[in-house]
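Thanks for coming, everyone. Let me put today's structure on the screen, and then we'll walk through it.

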Amino acid sequence: MNKFLSRRTFILIPTMSILKIIFKPMQVLASSLVSKEEWKLSKDEWKAKLSPESYYILREEGTERAFSSQLNNEKRKGIFHCLGCNLPLFSSDKKYDSGTGWPSFWDSIQGSVETKVDFKLIVPRTEYHCSRCGGHQGHVFNDGPLPTGKRYCNNGLALRFVPD
Ligand SMILES: [Zn+2]
């Protein structure tokens, strides 16, 4: 009997830790799906919520003119939120002047953006969007500063800056 129990425990412990690994990400996914559902708005609902310029960027993957956004020169401490759903996307301590004319960051707030590849300029680029409302923010390139080497090139019209 003792022998049987100890064998069972031996099997049970690794099984439980595997289950923990499997179920933890599932729970996170489930909760993020719930909040995503709330942000599935129709075209007209988005149009009512956003300026035509921001609608073009966020919902039609448009790009604003370089050097047109005041946020390009924003140097105060604070957080840059998604203009669509207000999710915090970037912190000012990861912002830098890339010289491109768009607000640039070398890292995003963890889990706040998701990426996909687009071919709008024929050459494949990595588009990124808000992980909650799906609003297009910009493109991410591999020519940014250390420690990440990333350059998140963001449209200012897709962001709302909240100073500390
Ligand atoms: Zn959003």
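Start with the sheet. Six strands form an open sheet, ordered β3-β4-β8-β7-β6-β5, with antiparallel pairing. Strands β3 (95–96) and β5 (113–121) stand at the edges with a single partner strand each, so one side of each has no neighbour in the sheet. On terms: helices (H or I, at least four residues) and strands (E, at least two) are DSSP runs, numbered from the N terminus. Two strands pair if DSSP finds at least two bridges between them.

A word on the source. This is a predicted model, where local features need pLDDT of at least 70 and side-chain atom pairs count only at pLDDT 80 or more, while totals for chains, interfaces and linings use all residues. Residues are numbered from 1 along each chain as its sequence is written, and side-chain values use heavy atoms, with hydrogens and water left out.

β3 pairs with β4 (residues 104–105) in the antiparallel sense, over 2 bridges. Lys-95 has Phe-105 in β4 as its bridge partner. Leu-121 stands opposite Val-123 in β6.

Next, the metal. Which residues are the protein donors of the zinc ion? Cys-82, Cys-85, Cys-130 and Cys-133, each through SG, at 2.3 to 2.4 Å. Donors here are N, O and S atoms within 2.8 Å of the metal (3.2 Å for Na, K and Ca); water is not among the atoms, so sites may look incomplete. Along the chain the spacing is C-x2-C-x44-C-x2-C. The site is tetrahedral, with angles of 100 to 118 degrees among its 4 donor atoms. Tetrahedral means four donors with all angles between 85 and 135 degrees. Cys-82 and Cys-85 are both buried, that is, under 20% relative accessible area with a 1.4 Å probe, protein chains only.

Last, the core. The largest nonpolar core has 23 residues, and Leu-89 and Phe-90 have the most contacts inside it. Such a core is a set of buried Ala, Val, Leu, Ile, Met, Phe, Trp, Tyr and Cys residues joined through side-chain atoms within 4.5 Å. Its largest share, 3 residues, comes from α3. Helix α3 (residues 52–60) has Ser-54, Tyr-55, Ile-57 and Leu-58 buried. Just after α3, Glu-61 takes a positive phi of about 55 degrees.

Notes
Four donors count as tetrahedral if all angles lie between 85 and 135 degrees; four count as square planar and six as octahedral if opposite donors are over 155 degrees apart and all others between 65 and 115; anything else is irregular. Buried means under 20% relative accessible area, exposed over 50%, partly exposed in between (1.4 Å probe, protein chains only).
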